[in-house]
Amino acid sequence: MESSILSSILFATIVAGTPLIIVALGQLIAEKSGVLNLGAEGMMSMGAIAGFAISFETGSVWLGVLGGMAAGALMSYLFAVVVLTLMGNQVATGLALSILGVGLSAFIGKPYESEILPTIEAIRIPLLADIPIIGEPLFAQQSLVYFSWALFGAIVWFLYRSRPGLVLRAVGESPSSAHSIGYPVIRIRYMATIFGGAMAGIGGAFLSVFYTPLWVEGMVAGRGWIAIALVVFATWRPFRVMVGAYLFGGVMVAQLFVQGSGLEINIPSQFLSSLPYLATIIVLVIISRDQNTVRLNAPVSLGQPYRPDA
Amino acid sequence: MLRLERRPEASHLMSYASPAIAIVLMLIGGLFLFAFLGKNPIEGFKVFFINPISDLWGVSELLLKATPLMLIAVGLAIGFRANVWNIGAEGQLIVGGIAASAVALYFQESEGAHVLILMIIAGCIGGMLWAAIPAFLKTRFNTNEILVSLMLVYVSQLLVSWLVHGPMMDPDGFNFPQSAMFEDSALLPLLFDDGSRVNLAFVFAIGALLAGYIFMFRSFAGFQMQVAGFAKDAARYAGFSARRMIWIGLLAGGAMAGLAGMAEVSGPMGQITDQISSNYGFAAIIVAFVARLNPVGIFFASLLMALLYLGGEQAQQYMNLPSSISLVFQGMLLLFLLGSDVFINYRLRWNREVTA
């Protein structure tokens, strides 16, 4: 295989994995606080359309990303009100959020369906980008790819090296103990949930502003759900989220692999497109086969409503 | 200030009033939505909720659209009662539709009732097979059924896309991604001869609601699933098999969704295309929740949800709004319902600040 093909496959894999990293890391934080938000697909869809529409109207990529972030945060705020303040069922509410977000984004996005945004130049890091094979994939990327790495670093530091991170984990493990030593459990869960929504919004905006860059109804295509599965697959550890996201990125660009291999294989495109979904199922089976792995690593209060009696 | 106070016991009244509150809130939300879009809210309300059912044809279309929703929702409700979350009815509908279409296309030259009967069986089995995947993985490997059933929706959409672009494509269809039109023997008979499109599937839906009611409230298995839904540990202590409930829950949902898929291809569509489902599998989840997982409620909630579909079509036609506005109403309804459910277990109290 030619090195340029290898390089471009690596490049595509990293790009495809980026939205998954951003969204899954956001959900990781929310889940660490004990909140299971299955609405990622809806929040990403809203982030995607808000990002696209605002970039298109203002001509500013960064306003678009900010708008996407705000849209995702707003959706997760809605979710938080229902499940944290009104103690609604987290599974059902997350589902409602997904349905609402996918529908609302299709509705808002109708006028933008035939529009296209200008391609955004990659940021080349001098010298490093010239390294053969890995130079382009690692050092000549879109800004949000670098952002995803910074986010990873920040989250690792926050969760395992900072006091607020410790508090967050305590809230997820045992909300009643955290409450009894004086931490505002509900407020912390609000913040974690909204952070998750904001990241889902950025992930969505990455798709519509950087990746495609256009808006099509249903363009998120299950990535929100895959991100949720990734968090389980990663057993709630940031590093494994990164690895998993790139694995899925690789599966998503399988079509490129087949074209690049130069082999005369006649596989229907639909089969290749279904690989990420099948891979998700397989990966979930592997990880949940051993019940203890999931049980030991999942935040204890995940999905459980909590209300301090006071 | 206002605060929530736990009720001594759950309010029975509120558990029925909460869907009504949610519907009212959705309607108010709709008025705001129309106003926000620069349309006259009253006019929008009329186009969306009144016009679709202002004549007999409209009512018949309402029944037609409500049919798959009733079928799927009653199947899902059986599982939801035991906290078996089958979210992939959309995929099970598609696979049921594929299986039924395969029968219809195989028996193209054949006359007689056996074609339809085989299509019904194929539809149910197709849906059950698709639902058996999450059931097997859940019982064997403890894999989350929400994510698996949902992933299979995407797979089924790609599967039907491949089929109508390939093996099932109409050879004389100018390369359109659709099958040949079915013969009359593969079409469900219409119930009325006044030109309306309501067919035998509506009778199936009513039958399914009755059967669902009997299963839920008159059978031991239904009782076990109810107990498991309320108190998992109590059910385990009583020796009820959790595996069996997972299988029953998912297969019931799969069979009904598959039947709904059969009813679509054999009813209003008369062929299979990659647009086989209009999101019925997801809308039925909302129906089941709004109906409090009760078959009687499912009947009415399906009619309401069908009205949202028709309203969306009208809004597209007369107000130049995208028909996806239906989805916005659907999502709002479910979110409002889940929010107002708080009043089942809590009540609002006005209490003055106590100064210490």
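Predicted model: local features only at pLDDT ≥ 70, side-chain atom pairs only at ≥ 80, totals over all residues.
Colleague: Which strand does β1(B) pair with, and in which sense?

Modeller: The general idea comes first. In a regular strand, side chains alternate between the two faces of the sheet. Here, β1(B) pairs with strand β2 (residues 346-350) of chain B in the antiparallel sense, over five bridges.

Colleague: Now a helix. Which residues of helix α8 (residues 220-230) of chain B are buried?

Modeller: An α-helix has 3.6 residues a turn, so residues three or four places apart point the same way. In α8(B), the buried residues are B:Gln224, B:Met225 and B:Ala228. They lie on the same side of α8(B) because they cover an arc of only 95 degrees around the axis.

Colleague: What do the buried residues of α8(B) pack against?

Modeller: They pack against α3 (56-80), α9 (232-237) and α10 (242-269), which also belong to chain B.

Colleague: Turn to chain A. At what angle do helix α11 (residues 238-252) and helix α13 (residues 269-288) of chain A pack?

Modeller: The angle is about 150 degrees, and the axes are 8 Å apart. On the α11(A) side the residues are A:Phe248, A:Val251 and A:Met252, and they meet A:Leu275, A:Pro276 and A:Ala279 in α13(A). By class, that contact has six nonpolar residues, with no polar and no charged ones.

Colleague: Why does A:Gly67 count as buried?

Modeller: The cut-off is 20 or more other C-beta atoms within 10 Å. A:Gly67 has 25 C-beta neighbours inside 10 Å, so it counts as buried. A:Gly67 is part of helix α3 (residues 61-85) of chain A. Leaving aside neighbours within four places in sequence, A:Gly67 is in contact with A:Ala50, A:Gly51 and A:Ile54. The C-alpha atom of A:Gly67 is also separated by 8.3 Å from that of A:Ala205, although the two residues are 138 residues apart along the chain.

Colleague: Last, the two chains. How many residues of chain B are in contact with chain A?

Modeller: 34 residues of chain B are in contact with 37 residues of chain A. On the chain B side, the elements giving two or more residues are α5 (114-141), α6 (145-165), α11 (280-290) and α13 (325-340). The largest share, ten residues, comes from α13(B).

Key: Residues numbered from 1 in each chain as written. Chains lettered and ligands numbered in written order. Contact = placed C-beta atoms within 7 Å. Helix = DSSP H or I, 4+ residues; strand = E, 2+ residues; numbered from the N terminus. Pairing = 2+ DSSP bridges. Buried ≥ 20, exposed ≤ 12 C-beta atoms within 10 Å, placed from the backbone. Arc of directions from axis to C-beta. Axes fitted to C-alpha atoms, helices over the stretch in contact; angles between N-to-C directions. Nonpolar A, V, L, I, M, F, W, Y, C, P; charged D, E, K, R; others polar.
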